[in-house]
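Subject: Structure handover

Hi,

Here is the structure I promised to pass on. My notes on what I found in it follow below.

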Amino acid sequence: MEHQIALELVRITEKAALEAARWTGRGDKNSADEAATTAIRSHLNSVAIDGTVVIGEGEMDEAPMLYIGENVGNRKGPKIDIAVDPIEGTETVANGLNDAISVLAAAPEGNLLHAPDIYMEKLAVGPLLAGHLSLDDPIETTLAKASGILNKSMSEMTVSILDRERHRGLIAALRKAGVRIKLLNHGDVMGAIEAATDSDVDMYIGSGGAPEGVLAAAALKSLGGEMQGRLLPDGPEETARVIKMGLPDPGQLLYMDDLVGTGNVIFVATGITGGDFLNGVRYMQNQKAETHSVIMHSESQMVSFLRTIHKLPLTREVLTHAAM
């Protein structure tokens with residue numbers, strides 16, 4: 001059943017990637033996001049699940065589709081939580097940059113954290129460091145522990161972090177410690193996942209979106225890595241939203257079981273624009289396109305890559321050209 005669901009879910013991220021890729025480099029992130037969101041929702045309701053969106057495009061009064069609490073699937077299958085980001089990197093697509101993906105995670109009901117769209121402080125690592133570090137430690141302590149466990153000098157270690165003004169203090173501390181820094185312009189999910197792959201990145205730190213933190217944790221669980229997080233509500237209104245979503249202590253340190261539970265988590269993603277982990281959509285001759293996707297299962301820690309050739313429907317532009 002889980003294998004079949006995973007295959008159906010990856011077909012959905014493929015559809016979203018194909019729709020979003022049409023907007024690559026066009027400078028219109030809203031149209032790209034709308035196209036991907038529509039594709040996911042229209043196909044998700046045909047899957048044999050009784051699903052509830054716990055991470056989506058926003059709350060019900062903000063998002064017309066894929067809002068938090070929305071029921072999806074044909075209601076004839078298992079009850080599962082759905083976390084979805086139709087485009088992780090809308091501006092990336094709009095500007096024609098690398099590493100935009102369409103991503104979706106699923107787990108048994110009650111496993112995925114209902115994370116509001118606020119900032120989360122994060123620490124993501126691969127299998128060698130999993131279980132050995134703490135987000136509560138100062139960054140200098142974390143780096144020293146990692147250096148000893150990895151048997152690397154500080155100068156041999158690489159830490160990735162979003163290039164944001166809010167991270168100036170952290171970046172200065174990393175510079176002082178002498179580690180290599182990979183500054184990310186975008187890609188909160190992929191930035192965290194990279195720490196658990198064969199890349200030279202040893203850890204990912206800093207704050208980013210809480211929904212992206214849960215999605216990244218779903219992948220890291222399948223890769224044997226670890227994500228720790230702490231929500232960063234800005235003011236009483238955001239604090240109230242966190243409590244309403246079921247987290248009585250908004251400032252508590254969140255571990256993997258808090259983020260993605262103890263059940264089997266399915267993580268699927270399809271590249272929209274090219275990157276080191278996933279290739280982007282490639283348009284071919286004869287109205288065809290190629291997609292590159294990944295399917296992960298946390299229980300077996302099986303990771304599968306999938307290349308698919310799609311026959312594209314004739315668009316209005318193609319039909320008009322053919323008639324001339």
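Let me begin with Ile181, which sits in strand 7 (residues 180–184); helices (H or I, at least four residues) and strands (E, at least two) are DSSP runs, numbered from the N terminus. Please keep in mind that this is a predicted model, in which local features need pLDDT of at least 70 and side-chain atom pairs count only at pLDDT 80 or more, while totals for chains, interfaces and linings use all residues. Residues are numbered from 1 along each chain as its sequence is written, and side-chain values use heavy atoms, with hydrogens and water left out.

Back to Ile181: its relative accessibility is 18%, so it counts as buried (buried means under 20% relative accessible area, exposed over 50%, partly exposed in between, with a 1.4 Å probe and protein chains only). Leaving aside neighbours within four places in sequence, Ile181 is in contact with Val159, Ile161, Ile171, Leu174 and Arg175, where contact means heavy atoms within 4.5 Å. Between the C-alpha atoms of Ile181 and Val201, 20 residues apart along the chain, there are 8.9 Å.

Next, the helix pairs. Two packed helices are described by the angle between their axes and the distance between the axes. Here axes are lines fitted to C-alpha atoms, for helices over the stretch in contact, and angles run from 0 to 180 degrees between N-to-C directions.

The axes of helix 1 (residues 2–21) and helix 2 (residues 29–44) come within 8 Å and cross at roughly 155 degrees. That angle makes helix 1 roughly antiparallel to helix 2; angles under 35 degrees count as roughly parallel, over 145 as roughly antiparallel, 65 to 115 as roughly perpendicular and the rest as oblique. Helix 1 passes helix 2 in a right-handed crossing (left-handed if the near helix is turned anticlockwise from the far one by less than a right angle, right-handed if clockwise). On the helix 1 side, Leu9, Ile12, Lys15, Ala16, Glu19 and Ala20 meet Ala32, Ala35, Ala36, Ala39, Ile40, His43 and Leu44 of helix 2. By class, the residues of this contact are 10 nonpolar, 1 polar and 2 charged, with Ala, Val, Leu, Ile, Met, Phe, Trp, Tyr, Cys and Pro counted as nonpolar, Asp, Glu, Lys and Arg as charged, and the others, Gly among them, as polar.

For helix 4 (residues 139–150) and helix 5 (residues 168–177), the axes come within 10 Å and cross at roughly 40 degrees. Helix 4 and helix 5 are therefore oblique to each other, and their crossing is right-handed. Ile139, Glu140 and Leu143 of helix 4 make the contact with Leu170, Ala173, Leu174 and Ala177 of helix 5. That contact has 6 nonpolar, no polar and 1 charged residues. Thr142 is also found in helix 4; it counts as buried because its relative accessibility is 3%, and it touches Leu133, Ser134, Asp137 and Met203, not counting residues up to four places away in sequence.

Which residues touch the most other members of the largest nonpolar core? They are Leu113, Met227, Leu231, Leu259, Val260 and Phe267, out of 45 residues in that core. (A nonpolar core is a set of buried Ala, Val, Leu, Ile, Met, Phe, Trp, Tyr and Cys residues joined through side-chain atoms within 4.5 Å.) Helix 7 (residues 210–223) gives the most to this core, with 9 residues. Apart from it lies another core, of 34 residues, among them Ala16, Ala20, Ile49 and Ile266.

Met296 lies in strand 12 (residues 288–297) and counts as buried, at 0% relative accessibility. Beyond four places in sequence, Met296 touches Ala219, Ser222, Leu223, Val265, Ile266, Phe267, Phe277, Met302 and Val303. Met296 and Lys221 are 75 residues apart in sequence, with 9.1 Å from C-alpha to C-alpha.

Finally, two backbone details to look at. Asp99 has a positive phi of about 75 degrees although it is not a glycine; it lies in the loop between helix 3 (90–94) and strand 4 (101–108) and is partly exposed at 27% relative accessibility. Gln301, also not a glycine, has a positive phi of about 50 degrees. Its place is in the loop between strand 12 and strand 13 (302–311), and at 43% relative accessibility Gln301 counts as partly exposed.

Best wishes
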